[in-house]
Each structure stands twice: as structure tokens, then as C-alpha cells.
Amino acid sequence: MKYIVFDLEFTVLRSQKHTAETIEIGAIELQSDEHGELSMTDLYHTYVQPSRSPQISKLTTEFTGVTQSDVDNAPLFKEAIENFKAWLGEEYYLCSWGPDDKYQLVRECRDKKMDLGWIRNYNDIQLSYTRLNGADIGQRMGLKKSLKAENLPFVGKQHNALDDAFNTAKLFKRYFPKLILERNNAAEESLFETKIVYSTDNEVKYTPFLELAHLLKIAQ
């Protein structure tokens with residue numbers, strides 16, 4: 001069985017006319033040996049060309065680091081997902097830090113009339129980590145803070161899909177013996193809304209896009 005820890009980055013739009021589109025996919029593959037020890041065995045990365053809002057906004061670049069030149073020759077969402085599915089193979093768990101990446105995949109695949117059956121065996125590592133550490137699930141710890149609590153350095157840059165996936169994979173690997181992974185299928189689930197509250201170092205509640213909200217305020 002393969003364990004895929006993935007992360008997405010989306011377009012940042014000030015207008016609500018269009019929904020956000022995926023512009024980057026990063027993933028780390030982990031597999032266990034005969035002793036149950038996990039190793040990182042492969043990685044996947046691609047930029048994705050948005051179709052509804054093809055011009056990358058300044059806010060998008062400031063938030064994600066993704067530029068216009070990164071996506072100009074990148075595959076569109078359908079092709080990128082087909083490539084990602086080919087890389088995934090047949091048997092795997094899909095894992096990410098928080099539920100937002102799964103919601104984004106489901107929304108975009110539904111909007112584009114694409115199959116949802118491959119979005120399966122999804123597990124929210126942030127939720128599992130919060131529960132295992134006895135914290136309130138309504139005040140989840142951010143990725144960087146969680147790594148610090150485990151004395152693990154954050155490698156790379158936040159809001160870079162591959163870097164975020166790699167850093168999440170480090171926590172996944174450490175907590176793997178304690179994780180109870182679920183089997184599920186997004187095609188059998190109803191469309192859901194994100195209603196997550198996180199906590200900062202000062203225990204102040206904020207949404208996943210606090211930094212984004214700050215950028216939007218500056219841009220006004």
C-alpha cells in the first residue's frame with residue numbers, strides 16, 4: 001500500500017465571480033517495508049494552468065509564489081489530474097494537512113464533470129494529529145507550529161505545494177504507528193463546506209486564509 005501526502009495551491013481572487021482554481025500540485029509517496037517502517041519513495045509535482053482566470057494575480061503570486069510563467073505552459077486541470085492519477089496507481093491512501101485540498105479537488109472535478117472515484121481513502125492528518133495530542137479539534141495547530149512542537153524543522157517555503165507536502169509527510173511518518181486510517185470514497189459523499197477554525201501561537205482563532213486576508217487588506 002502506498003501513502004500519498006499531497007498539497008494544492010489555488011488562485012487568489014478578490015472577486016467572488018469565479019471560484020478558486022488549482023495552480024499547483026505537490027505530493028510525496030511513502031511506502032512501508034516488512035517491518036512496518038515508512039520511507040519516502042517518490043514525489044510528484046506540477047503546476048496547473050487555470051482556465052477560468054488564466055492570468056495569475058499579484059495576490060496569488062504573493063501568497064503562493066506561483067508566477068504567470070510557471071503556469072503558462074503547464075497542463076490544464078483535467079490533464080494534470082490524469083497525470084496525477086497515473087502516478088498514484090491503484091492502491092493508496094490520500095492524505096493532506098487539513099480538509100481544504102480534498103474539498104478543492106472534489107469541487108473542481110465536479111465542476112468539470114470528472115470522475116471522483118479516485119479521490120478515495122482520504123485522511124486529514126491535521127485532524128489526526130490534533131486528536132492524538134489531546135487538543136480541541138476546533139482549534140487545530142498549523143503545520144509549522146506542529147513541526148516545531150516535534151522538533152522538526154520546516155524545510156522550504158510555506159504555501160509551496162511540494163514543500164508543504166514534504167513537511168506534512170515528516171509528521172505523517174512520525175505518527176504513522178498511531179494513525180488509524182479510514183477508507184472512503186468522495187464519490188459517495190455530499191458536497192461539503194469548509195468550517196475549520198485554527199489556533200495561532202497566541203491561541204487566537206483564525207481561518208486557514210488569515211495570511212491571505214492580510215494580503216487582501218494591504219491591496220485595498
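Guide: Let's go to helix H3, where Phe 84 and Trp 87 sit 3 residues apart, about one turn of the helix. Helices here are DSSP runs of H or I with at least four residues, strands are runs of E with at least two, and both are numbered from the N terminus. Before going further: this is a predicted model, where local features need pLDDT of at least 70, side-chain atom pairs count only at pLDDT 80 or more, and totals for chains, interfaces and linings use all residues. Residues are numbered from 1 along each chain as its sequence is written, and side-chain values use heavy atoms, with hydrogens and water left out.

Back to those two residues. Phe 84 has a relative accessible area of 1%, so it is buried. Trp 87 comes in at 16% and therefore also counts as buried. The cut-offs are under 20% relative accessible area for buried, over 50% for exposed and partly exposed in between, using a 1.4 Å probe and protein chains only.

What does H3 lie across? Helix H3 (residues 77–88) lies across strand E1 (2–10), strand E2 (22–32), E3 and E4, and runs at about 5 degrees to E2. Helix H4 (residues 100–111) packs on the sheet too, touching E1, E2, E4 and E5, with a direction about 75 degrees from that of E1. Touching, or contact, means heavy atoms within 4.5 Å; the angles run from 0 to 180 degrees between N-to-C directions, along lines fitted to C-alpha atoms, for helices over the stretch in contact.

Now the sheet itself. Its 5 strands form an open sheet in the order E3-E2-E1-E4-E5, with mixed pairing; two strands pair if DSSP finds at least two bridges between them. At the edges, pairing on one side only, are strand E3 (38–47) and strand E5 (122–124). On average, neighbouring strands are turned by 25 degrees against each other, ignoring direction. At the E5 end, strand E4 (residues 92–96) runs parallel to E5, joined by 3 bridges, and Leu 94 has Tyr 122 in E5 as its bridge partner.

Thr 22 is buried because its relative accessible area is 1%. Skipping neighbours within four places in sequence, Thr 22 contacts Leu 8, Glu 9, Phe 10, Val 48, Phe 77, Gln 104 and Glu 108. Of these, Phe 77 is 55 residues away in sequence but 7.3 Å away in space, C-alpha to C-alpha.

Then there are the rings. The structure holds 10 aromatic pairs. To pair, rings of Phe, Tyr and Trp (its six-membered ring) need centres within 6.5 Å; planes under 30 degrees apart are stacked, over 60 edge-to-face, and the rest tilted. Tyr 3 and Tyr 93 have ring centres 5.7 Å apart and planes at 10 degrees, so this pair is stacked. The pair ties together distant parts of the chain, with Tyr 3 in strand E1 and Tyr 93 in strand E4, 90 residues apart. Tyr 3 counts as buried because its relative accessibility is 9%, and Tyr 93 does so at 10%. As for Tyr 3 and Tyr 93, ring pairs link them with Phe 172 and Phe 176 into a cluster.

Finally, the core. Nonpolar side chains tend to be buried together in soluble globular proteins. A nonpolar core here means buried Ala, Val, Leu, Ile, Met, Phe, Trp, Tyr and Cys residues joined through side-chain atoms within 4.5 Å. The largest one has 25 residues, and Phe 84, Leu 94, Trp 118 and Ile 119 have the most contacts inside it. E1, E2, H3, E4 and H4 each supply at least two of its residues, with the largest share, 6 residues, coming from H3. Apart from this core lies another, of 23 residues, including Leu 30, Met 141, Ala 169 and Leu 171. Ile 119 touches Leu 94, Lys 102, Leu 105, Val 106, Cys 109, Asn 185 and Ala 186, leaving out residues up to four places away in sequence.
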